[in-house]
Amino acid sequence: MTRHKKWLAGLLALCITGLLASCGGGGDDSNQPNINPEPKPGQLTPASDAQPNVNYEPKPGQLPDNQPNINYEPKPGQLPADNRPNVNSVPKIDSPSLSLMAATPDIRGYPLTWTIWPNRNISVCWEMDGGTFNATQADRALVQNAATSTWQAVSLVRFEGWGICDDSAPPLPQTLRISVQDVNPHTKGLGKNLNNYPAGMVLNFTFGNFSTSYCQANSQNHANCVSWITVHEFGHALGFAHEQNRPDTPPSCQEPAQGSNGDELFGPWDIDSVMNYCNPNWNGRGKLSQVDMEMARSFYGNPNPPPPPPPTAPAPTTTAAFLSPILSLVLD
Ligand SMILES: [Zn+2]
């Protein structure tokens, strides 16, 4: 089915995230251990790139002990695909309960709608000292470009600032804090839950403990890893959950659900989403799918809204037009 169809597939109220303490340690958005999108065997990376020697299960001890105890990411094997919500519970598209959603037919994906930032201007800052800030200029530029050329470019969200987090100043009202660590990239929640959260997003610039064989193979692979992972993690930062968490995930996608679920389900399941672990291209190679773009525009504004429909032709109202049939009767 086409993602352009103006119909809606369903609505689900699912797991309220951050509270799944039983899921164990290390929070992330999406995922902890494993959140991220390591290239999976069979996932396509550019033909010129060496396929990574993938082992995307976190190694024992890989996660630092100082991870916040908010981790609602499942441990490997903790949430098998079989535990997904029953797909039969998804309302049919003709369900009366969908009447409200019909007003927003372009929304797709799997957002956790209550985490959508109320303001479209989101400050971004780096948790690092000045020396590290200068030393990481190239990678930080990749991150900024990846976020602004995708989610920001297709919507009205604006990622601003990009300086060092200033903890001596009062926190800004909407701030995403990024920490760079050699661990699995992740976020500690979705959307505005990350507001001013320490290390709310963790990115990796060295890849000594994550996707090492692929990301360290050459400079292009390194840039791919930084950029593509950024696009995925910023999707979480905007409130978007993993596509494979959706209850209508087809049996052909065996990636287990990870991290927070969305709370509303619109449109068809999207294999091309950068938020879908079953995307045959790792992190969608950083390219938003049509559905990703529509979802961003739906929640954060459309910079190019479609023109209003042309007015319908008014009925003739002139005196001559009104009298014409009468005069015709008189004269005939
Ligand atoms: Zn993720």
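Hi everyone. Let me start with a term: a residue is called buried if 20 or more other C-beta atoms lie within 10 Å of its own, exposed if 12 or fewer do, and partly exposed in between, with C-beta atoms placed from the backbone. By that count, 44% of the 332 residues in the protein chain are buried.

A word on the model itself. It is a predicted model, where local features need pLDDT of at least 70, side-chain atom pairs count only at pLDDT 80 or more, and totals for chains, interfaces and linings use all residues. Residues are numbered from 1 along each chain as its sequence is written.

Now the overall layout. The protein chain has seven helices and five strands, where helices (H or I, at least four residues) and strands (E, at least two) are DSSP runs numbered from the N terminus. Read from the N terminus, the order is β-α-α-α-β-β-β-β-α-α-α-α. Contacts here mean that two C-beta atoms, placed from the backbone, lie within 7 Å. Among contacts between residues at least 6 apart in sequence, 78% join residues at least 24 apart.

Let's go to the sheet. Strands pair if DSSP finds at least two bridges between them. The five strands form an open sheet in the order β2-β1-β3-β5-β4, and the pairing is mixed. At the edges sit β2 (158-164) and β4 (186-187), each pairing on one side only. Helix α5 (residues 219-237) packs on this sheet and touches β3 (175-180), β4 and β5 (201-203), with its direction at about 175 degrees to that of β5.

Look at β1, residues 121-126. This strand runs parallel to β2, joined by six bridges; Asn 121 is partnered with Arg 158, and Trp 126 stands opposite Ile 164. On β3, the pairing is also parallel, over four bridges, and Cys 125 has Arg 177 as its bridge partner. Five of the six residues of β1 are buried.

Next, a helix pair. In general, two packed helices are described by the angle between their axes and the distance between the axes. Here, axes are lines fitted to C-alpha atoms, for helices over the stretch in contact, and angles run from 0 to 180 degrees between N-to-C directions. Helix α2 (residues 137-148) packs with α5 at about 45 degrees, the axes being 8 Å apart. So α2 is oblique to α5, since angles under 35 degrees count as roughly parallel, over 145 as roughly antiparallel, 65 to 115 as roughly perpendicular and the rest as oblique. From α2, the residues Asp 139, Leu 142, Val 143, Ala 146 and Ala 147 meet Ala 223, Val 226, Ser 227, Thr 230, Val 231 and Phe 234 of α5.

On to α6, residues 290-300. Its buried residues are Val 291, Asp 292, Glu 294, Met 295, Ala 296, Phe 299 and Tyr 300, and they pack against α3 (151-154). After α6 comes Gly 301, with a positive phi near 95 degrees.

Ser 211 counts as buried because it has 25 C-beta neighbours inside 10 Å. Arg 285, in the loop between α5 and α6, likewise has a positive phi near 50 degrees. With 16 other C-beta atoms within 10 Å, Arg 285 is partly exposed.
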